[in-house]
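Visitor: I would like to learn how to read a few features of a model. Please show me the structure, then take the features one by one.

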Amino acid sequence: MSNAPDDRPNDGPDDRPDDRLLRLNAALDGELDAANLISFERDLRSDPALAARYRELEALRAAVRRHAVPERAPAALVDRVMALASPTVAVLPARSPRRPYFAPPALALAASLGVLGFVAGSGLTILRTPHASDGVAAGLVSDFARAEIAGQPFDVASSDRHTVKPWLAQRTTVSADVVDLAPQGFPLAGGRVAVVGKIPAPTLVYRHNEHMVAVTELPLDALGAETGAQIETHDGYHVARWADQNLAYVAVSDMDEKTLAEFVATFRQATKPAGEGPAK
Amino acid sequence: MTSALAAERFRAVVPPLLDDAYTLAKWLCRNSADAEDIVQEAAIRALKALETTAVERPKPWFLSIVRNAALTWMARNRRKDMSFVGDMTDLDGLETFDGEAAPDAEALLIAHEDSERLRGAIAQLPPALLETVVMRDVNGLAYRDIAEATGAPIGTVMSRLARGRAALTKILKAEP
């Protein structure tokens, strides 16, 4: 629409009705340059049908502007968004409240713990050979056990995902899926940050009766990210891993295997992107 | 993980755009609770992006993030009817001056109390047309900003806008 009329061949695009409509809209929106505007106004004077169409478009736009006015963002939303970058939080260093379990010596130790850990669960489906991702699982199990013993299973205690999500977002690089599964019997209890391969990873803590499950969300290419939903046992805790199109998940729990499998299915259903087949 | 620099950029750029963001999100997902989630997710994405990027033109930039967060929301909620994928890029089907009822501006003089009718008509538009019309006439973006926010060429934006308005006109005339 920026070409001067003289640049166009005689059968140029503006001679076609489609382009005349585009030009009509562009004129209405103030998007025509001076040269095009002059020729458009000339056409408008000489073509009553075009002029009528233009008036119609003007009336439509007036109606849209009158009846579809911009809405104010709700105050609660504004508060939550502002809290993401509040000056008091922003100057704090990234918080990693857990000990660095995954520093190389600790990693080796954690991996061997994972391998040596006795098998307490019944119906164990698979026991992996030791490799890096077992170290990740073992570390997360240590996190879980330590948090449970310390009686502090999360760093932010809230059943409101609108509170948990921004808290995690400030401290991790993964944009966490935060779903509340209270209607399905697994209310959200809070969140904490796990450190996996030196990277802070969001962890959601859910309750089920007196039991807990902690779901750590990892980038797909992270250490320990694996597909499949086998349930393993580490040090007497059950560990489930799975992945969707966006993230990998490791869930650690003191629930029995059957209940954990139920939780995993519920969680996957709630976070499943469209287009993915049934849970594997 | 938020640096002071990103937080400062965020506070300068994002707050003035929240009304526009919420309005766009609500038109796209059609309910206010989900629109809040979408805007919050967009704000989180924006904050992360501001770690590495300074933004020249905040409005199309942030509305683009809102739009993409809405796309994620739609995929997750299986709103396949709202898929943005489709051949919206061509001019086929664009109405012409030929073979159509005579324009009648009077038919579009919608009474002040009848905004439901107009909003209902907009909601009937296919998503690619809807977002273009909303960005233009509700959010007030220029063509090149809509092109930036939607990732579509300007010609496609113009085509969608013309088709969207033509469809609105048709709907409103059909349901007086």
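Visitor: Where is B:Thr52 placed in chain B?

Guide: Helices (H or I, at least four residues) and strands (E, at least two) are DSSP runs, numbered from the N terminus. B:Thr52 sits in the loop between helix H3 (32-49) and helix H4 (58-76) of chain B. This is a predicted model, where local features need pLDDT of at least 70, side-chain atom pairs count only at pLDDT 80 or more, and totals for chains, interfaces and linings use all residues. Residues are numbered from 1 along each chain as its sequence is written, chains are lettered from A and ligands numbered from 1 in the order in which they are written, and side-chain values use heavy atoms, with hydrogens and water left out.

Visitor: Is B:Thr52 buried or exposed?

Guide: Buried means under 20% relative accessible area, exposed over 50%, and partly exposed in between (1.4 Å probe, protein chains only). B:Thr52 has 69%, so this residue is exposed.

Visitor: Which side chain does the side chain of B:Thr52 contact?

Guide: A polar contact is a pair of N or O atoms within 3.5 Å; within protein, one must be able to donate a hydrogen and the other to accept it, and residues adjacent in sequence count only if both atoms are side-chain atoms. Here the partner is the side chain of B:Thr53, at 3.4 Å.

Visitor: How many salt bridges does the structure hold?

Guide: Side chains of opposite charge can pair when their charged atoms come close. A salt bridge is a side-chain nitrogen of Lys or Arg within 4 Å of a carboxyl oxygen of Asp or Glu. Over all chains there are 19. One of them joins A:Lys165 and B:Glu41 (2.7 Å, N to O). That pair crosses between chains, from helix H8 (residues 161-171) of chain A to helix H3 of chain B. Both A:Lys165 and B:Glu41 are buried.

Visitor: Which residue forms a salt bridge with B:Asp145?

Guide: B:Arg57 does, with the closest N and O atoms 2.1 Å apart. B:Asp145 lies in helix H7 (residues 143-150) and B:Arg57 in the loop between H3 and H4, both of chain B, so the pair ties together parts 88 residues apart in sequence. B:Asp145 is buried at 13%, whereas B:Arg57 is partly exposed at 24%.

Visitor: What does B:Glu131 meet in a salt bridge?

Guide: Its partner is the side chain of B:Arg67 (2.7 Å, N to O). B:Glu131 is in helix H6 (residues 127-138) of chain B and B:Arg67 in helix H4 of chain B, so this pair ties together parts 64 residues apart in sequence. B:Glu131 is buried, at 0%, and B:Arg67 is buried, at 9%.
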